[in-house]
Amino acid sequence: MSAASTPEPGIPGGPGTGTGTGGPRRRAKGRRRKPRGKRHKGLLITAWTAAGIVVLGGTGVGYVYFKLNGNLESVDIDQALGTDRPDKADNGSQNILVLGSDTRSGGNRKLGGGTDDGSARADTAMIVHVYEGHERASVVSIPRDTLIDRPACTDTDGDTYPAASDVMFNSAYSTGGAACAVKTVESLTGIRMDHYLEVDFSGFQKLIDELGGVEVTTTQDIKDPDSHLDLKAGPHRLNGEQALGLVRTRHGVGDGSDLGRIQLQQAFLKALLEQVEDIGLFGNPKKLYDLADTATKTVTTDSGLGSVNALMSFASGLKGIGASDMTMVTMPVVYDPADPNRVLLAESKARQVWTALKNDGPIPKSATEGTATGEAKGVVGRPGAVGNK
């Protein structure tokens with residue numbers, strides 16, 4: 001579905017150039033999905049960081065290579081979605097849907113396990129709300145196992161798909177790709193997504209390795225053969241394979257649900273962002289180029305960000321937002337009493353979250369109190385600051 005963006009003329013090239021819970025919603029009748037068996041999970045949360053790395057390379061020492069533009073892939077979300085969408089905010093705030101798919105094709109097949117059946121699912125979804133002034137952000141993770149009513153949608157090839165009730169959230173991506181995922185999020189929240197970013201987990205692993213690993217501290221042993229992870233409690237510098245295992249695991253911590261995995265993802269992302277802030281890349285042009293090369297190969301964007309110049313301009317407005325400026329929550333849900341492997345939207349509490357973002361305000365603590373959590377908070381944190389904020 002992704003089409004490679006066309007390189008723009010005039011970009012310098014080559015390394016030598018220097019450049020209160022509402023309770024479960026009423027369930028629609030119909031056959032329930034059977035729970036999937038155990039399989040490796042993909043987490044593709046690096047789009048945010050990738051954009052930051054591109055801007056580090058672009059504005060810090062003037063690195064912009066012609067090759068990087070050819071690395072990027074983009075999809076025309078706006079054309080597929082048409083005009084029947086929520087209104088754009090007029091105050092300078094932005095909403096970005098960051099998606100990760102668990103496709104088994106190409107380099108991802110070895111990392112993700114399973115079979116390459118040509119399909120893909122949205123294994124991770126985060127709404128990133130950048131507040132007016134671009135000095136802080138809120139991130140809302142959407143559990144992939146949430147049962148929802150999916151709207152009718154059209155993919156970027158023009159194929160249409162009927163609405164469906166009582167289906168998992170991640171089925172939107174596997175049904176109609178990025179455009180259907182965006183349509184579903186906008187229907188669920190009533191908030192317009194200004195941009196779309198997606199990352200593959202083979203690129204995620206390589207990016208972590210090129211960064212030199214990420215330092216975290218764990219408060220308990222984490223062992224999950226499914227994600228090739230075996231960590232003792234204590235400080236660690238995770239390489240790419242270990243980092244990928246950590247953000248994929250759901251059986252090694254908490255209650256074994258996707259919600260616990262989300263808590264690990266959020267804690268790891270904060271540690272990653274903090275390390276990128278302090279990494280000191282400006283004196284190493286080759287490392288900057290290698291990171292930017294990997295980052296641009298890793299992300300798929302909406303067409304509005306489908307060039308290095310556009311991605312740099314976008315990321316340049318975000319570079320002042322560090323880990324301490326980000327609030328991370330999970331969309332309020334409750335466990336499905338009919339199936340512990342599924343969750344249902346806590347509608348009244350979720351409404352508090354969406355209203356806050358629409359009004360460019362902070363997410364109230366009451367919005368997430370008393371909801372399902374996954375019981376993995378505090379298991380992973382930054383060195384010296386274990387736990388999620």
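A residue counts as buried when its relative accessible area is under 20%, as exposed when that area is over 50%, and as partly exposed in between, with a 1.4 Å probe and protein chains only. The model is predicted, so local features need pLDDT of at least 70 and side-chain atom pairs count only at pLDDT 80 or more, while totals for chains, interfaces and linings use all residues. Residues are numbered from 1 along each chain as its sequence is written, and side-chain values use heavy atoms, with hydrogens and water left out.

Helix α6 spans residues 201-210, where helices are DSSP runs (H or I, at least four residues) numbered from the N terminus. Its buried residues are Phe201, Gly203, Phe204, Gln205, Leu207, Ile208 and Glu210; because these make 7 of its 10 residues, α6 is largely enclosed by the rest of the structure. Just after α6, Gly212 adopts a positive phi of about 90°.

Helix α6 packs against helix α7 (residues 240-248) at an angle of about 130°, with the axes 7 Å apart. Axes here are lines fitted to C-alpha atoms over the stretch in contact, and angles run from 0 to 180 degrees between N-to-C directions. On the α6 side, Phe201, Phe204, Gln205, Ile208 and Asp209 meet Gly240, Glu241, Ala243, Leu244 and Val247 of α7, contact meaning heavy atoms within 4.5 Å.

Elsewhere, Ser171 lies in helix α5 (residues 171-189) and is buried, with a relative accessible area of 4%. The Ser171 side chain makes a polar contact with the side chain of Arg150 (3.4 Å), that is, a pair of N or O atoms within 3.5 Å, of which, within protein, one must be able to donate a hydrogen and the other to accept it, and residues adjacent in sequence count only if both atoms are side-chain atoms.

Definitions and conventions
Helix = DSSP H or I, 4+ residues; strand = E, 2+ residues; numbered from the N terminus.
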